[in-house]
Amino acid sequence: MSVSVESIEADDFLVKVTAASSTQHRVTLTDAYWNQIWNGRLPKREVIARSFAFLLEREPNVAILRSFELPVIQRYFSEYEGTAARWE
């Protein structure tokens, strides 16, 4: 399985997960959320890639929403923000 992240616009990204059943996802990461959790420590593309790694450890790519804002992950996985805030 591989994951690629492409910038679409400043806050929007296209994530492609290549697997037995490949998927594409449009993900939004606003500056406000990026600064709140990561204080700009990591590039947005890196945050998106690590967030997908986090998700793929917990569910198959076909179960991940096709379009969502990154804070939605916290609603499904309460440990997300605490884990993500520690990423270096």
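Q: Which side chain makes a polar contact with the side chain of Thr23 at 2.8 Å?
A: Count a polar contact as an N or O pair within 3.5 Å, where within protein one atom must be able to donate a hydrogen and the other to accept it, and sequence-adjacent residues count only if both atoms are side-chain atoms. This is a predicted model, with local features needing pLDDT of at least 70, side-chain atom pairs pLDDT 80 or more, and totals for chains, interfaces and linings using all residues. Residues are numbered from 1 along each chain as its sequence is written, and side-chain values use heavy atoms, leaving out hydrogens and water. At 2.8 Å, the partner is the side chain of His25.

Q: Is Thr23 buried or exposed?
A: The cut-offs are under 20% relative accessible area for buried, over 50% for exposed, and partly exposed in between (1.4 Å probe, protein chains only). Thr23 has 6% relative accessibility, so it counts as buried.

Q: Which strand holds Thr23?
A: Strands here are DSSP runs of E with at least two residues, and helices are runs of H or I with at least four, numbered from the N terminus. The run covering residues 23-28 includes Thr23, and that's strand β3.

Q: In what order do the four strands of the open sheet come?
A: Two strands pair if DSSP finds at least two bridges between them. Three bridges join β3 to β4, which run parallel, while the sheet's pairing is mixed. The edge strands, each pairing on one side only, are β1 (2-7) and β4 (67-69). The order is β1-β2-β3-β4.
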